[in-house]
Amino acid sequence: MNKGRFIAGAVCPQCKEVDKLKMHKEEGEDIRECVRCGYRDVQRFDQQKTEPTTRVNKSRSEREAEEQPVQIKFIP
Ligand SMILES: [Zn+2]
C-alpha cells in the first residue's frame with residue numbers, strides 16, 4: 001500500500017529506523033506503518049482526545065497500572 005506521508009523524525013519502535021514511518025487516516029483512526037519492517041499501529045482519535053495529559057502525585061502502583069503498554073497486533 002502506497003498512501004499516507006512519512007513522519008519526519010519518527011522512529012520505528014520495532015526496527016528503530018528513522019523516517020520509515022508513514023501515517024494515514026482510515027475511518028477516524030491514525031494508522032502508522034513502517035515501510036521497512038512492516039510494523040503497524042493504530043491510534044483512535046477519540047482515545048487521544050480523552051487521554052490525560054498530566055500525571056500528578058499518584059502512588060507507584062497506580063502509575064504502573066496506567067503505564068502498561070498497549071499493543072495492537074494485526075494478524076493477516
Ligand atoms: Zn520498522
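Predicted model: local features only at pLDDT ≥ 70, side-chain atom pairs only at ≥ 80, totals over all residues.
Trainee: In the hairpin of E2 and E3, which residue takes a positive phi?

Mentor: As a general idea, most residues other than glycine have a negative phi, and most peptide bonds are trans. In this hairpin, which has two residues between the strands, Glu 27 takes a positive phi near 50 degrees. Glu 27 is not a glycine, and its place is the loop between E2 and E3. The strand labels follow a rule: helices (H or I, at least four residues) and strands (E, at least two) are DSSP runs, numbered from the N terminus.

Trainee: Where is confidence lowest, and where is it highest?

Mentor: The scale is pLDDT, the predictor's confidence in each residue, from 0 to 100. The mean for the protein is 81, and 75% of its residues reach 70 or more. Helix H1 (residues 45–50) has the lowest confidence, at a mean of 57, whereas strand E1 (residues 5–6) has the highest, at 94.

Trainee: How many helices and strands are there, and what pattern do they follow along the sequence?

Mentor: The protein contains two helices and four strands. Read along the sequence, the pattern is β-β-β-β-α-α.

Trainee: In what order do the strands form the sheet?

Mentor: The general idea is that strands of a sheet pair through backbone hydrogen bonds, either parallel or antiparallel. The criterion is that two strands pair if DSSP finds at least two bridges between them. Here four strands form an open sheet in the order E1-E2-E3-E4, with antiparallel pairing. E1 and E4 are the edge strands, each pairing on one side only.

Trainee: How many bridges join E1 to E2, and how many does the pair E2 and E3 have?

Mentor: Two bridges join E1 to E2, which run antiparallel; in this pair, Arg 5 stands opposite Met 23 in E2. Strand E2 (residues 21–26) and strand E3 (residues 29–34) pair over six bridges, again in the antiparallel sense. Leu 21 has Cys 34 in E3 as its bridge partner, and Lys 25 has Asp 30 in E3.

Trainee: How is E3 joined to E4?

Mentor: E3 and E4 run antiparallel and are joined by five bridges. Arg 32 stands opposite Asp 41 in E4, and Glu 33 stands opposite Arg 40 in E4. The two strands form a hairpin with five residues between them, and Gly 38 in the turn has a positive phi of about 90 degrees.

Trainee: Is Glu 27 buried or exposed, and why?

Mentor: A residue is buried if 20 or more other C-beta atoms lie within 10 Å of its own, exposed if 12 or fewer, and partly exposed in between, with C-beta atoms placed from the backbone. Glu 27 counts as exposed because it has 6 C-beta neighbours inside 10 Å. Lys 16, in the loop between E1 and E2, is also exposed, with 11 other C-beta atoms within 10 Å. Lys 16 has a positive phi of about 65 degrees although it is not a glycine. Across the 76 residues of the protein, buried residues make up 4%.

Trainee: Which residues is Cys 37 in contact with, leaving aside its neighbours within four places in sequence?

Mentor: Two residues are in contact if their C-beta atoms, placed from the backbone, lie within 7 Å. With those neighbours left aside, Cys 37 is in contact with Cys 12, Gln 14 and Cys 15. Cys 37 lies in the loop between E3 and E4 and counts as partly exposed because it has 14 C-beta neighbours inside 10 Å. From C-alpha to C-alpha, Cys 37 and Cys 12 are 8.8 Å apart in space, and they are 25 residues apart in sequence. Among contacts in the protein between residues at least 6 apart in sequence, 15% join residues at least 24 apart.

Trainee: Where is Gln 43 found?

Mentor: Gln 43 belongs to strand E4 (residues 40–44). Gln 43 is partly exposed, with 14 other C-beta atoms within 10 Å. The C-alpha atoms of Gln 43 and Asp 30 are separated by 5.0 Å, although these residues are 13 residues apart along the chain.

Note on methods: Residues numbered from 1 in each chain as written.
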